[in-house]
Amino acid sequence: MPKVVVVYLSTSGNTKAMADAIVDGANSRNADAKAVNFHEAKIEDIIAADAIAIGSSTFHYKMLPPMEKFIENLKKANVAGKVGAAFGSYGWSGEAPVMIAEKMRELGMNVIDPVLRIQYQPTEKDLDECKRLGKDIVSKVKKIAEKPTRAGSGSKLEDASVREVKMGEGGH
Ligand SMILES: Cc1cc2nc3c(=O)[nH]c(=O)nc-3n(C[C@H](O)[C@H](O)[C@H](O)COP(=O)(O)O)c2cc1C
């Protein structure tokens, strides 16, 4: 059963709602998935995970600083080869998920493209999109497990494209 850890940092619950929906989507495909606030994330869980999804809202045109530190610490967990996914709620510029995906690639993770951004509070339709990402994560883990060679795409810093859903408004 693929193990998926969804780590989030959310100031008012918007990115957390995305994380919970990603978990629901993954578990609907028979994964062992859970969402954890970044300060509750345990290194053992990260090491044991087949896939790690990381979410942060965008503040001042970047991810929240504690999440940057968390990702920095992932170096110790040797996450190369694991499936990665980046997501987050945003208001107007939404850099955080793109930056998270970039850092994940630098760590050698197999990152799902595009990243998932939702403007402000997710609507039901947005949450369906998050569930779909959860399912995609499980499919990617299974595909990699089927293929004995883990050559990777060879690409390093391709421009991360964005799966953008601009439905919700007025999260404050
Ligand atoms: C002080 C402040 C700064 C923000 N800066 C940005 C920004 O630079 N770019 C952006 O897209 N959204 C920005 N936002 C909007 C948040 O990303 C948005 O409200 C998001 O839904 C918060 O999600 P969360 O509840 O998961 O933290 C900012 C919000 C606040 C309160």
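Let's start at the ligand: helix H1 (14–27), strand S4 (58–59) and strand S6 (83–90) each supply at least two residues of the shell around it. Please keep in mind that this is a predicted model. In total, 19 residues surround the ligand, and the closest are Ser10, Thr11, Thr15, Ser57 and Gly91. What is the shell made of, by class? It has 14 polar residues, five nonpolar ones and no charged ones.

Now let's zoom out. The protein chain has five helices and nine strands, and from the N terminus on they run β-α-β-α-β-β-β-α-β-α-β-β-α-β. Of the 172 residues in the chain, 46% are buried. If you take the contacts with a separation of 6 or more, 83% come from residues 24 or more positions apart.

On to the interior. Nonpolar side chains tend to be buried together in soluble globular proteins. Here the largest nonpolar core has 51 residues, and Val4, Val6, Ile22, Ala53 and Ile137 have the most contacts inside it. Take Ala53: leaving aside its neighbours within four places in sequence, Ala53 is in contact with Val4, Val6, Ile22, Ala85, Phe87 and Ile137.

Ile137 brings us to helix H5, where Ile137 is one of the buried residues. Others buried in H5 include Leu127, Cys130, Leu133, Gly134, Val138 and Val141, along with Asp126, Glu129, Lys131 and Asp136.

How far apart are the end C-alpha atoms of helix H5? They are 33 Å apart, which agrees with the 33 Å that its 23 residues (124–146) should span at 1.5 Å a residue. Thanks, and I'm happy to chat more!

Conventions:
Residues are numbered from 1 along each chain as its sequence is written. This is a predicted model: local features need pLDDT of at least 70, side-chain atom pairs count only at pLDDT 80 or more; totals for chains, interfaces and linings use all residues. Helices (H or I, at least four residues) and strands (E, at least two) are DSSP runs, numbered from the N terminus. A residue is buried if 20 or more other C-beta atoms lie within 10 Å of its own, exposed if 12 or fewer, and partly exposed in between; C-beta atoms are placed from the backbone. Two residues are in contact if their C-beta atoms, placed from the backbone, lie within 7 Å. A residue is near a molecule or strand if its C-beta atom, placed from the backbone, lies within 6 Å of it. Ala, Val, Leu, Ile, Met, Phe, Trp, Tyr, Cys and Pro count as nonpolar, Asp, Glu, Lys and Arg as charged, and the others, Gly among them, as polar. A nonpolar core is a set of buried Ala, Val, Leu, Ile, Met, Phe, Trp, Tyr and Cys residues joined through C-beta atoms within 7 Å. The expected span of a helix is 1.5 Å times one less than its number of residues.
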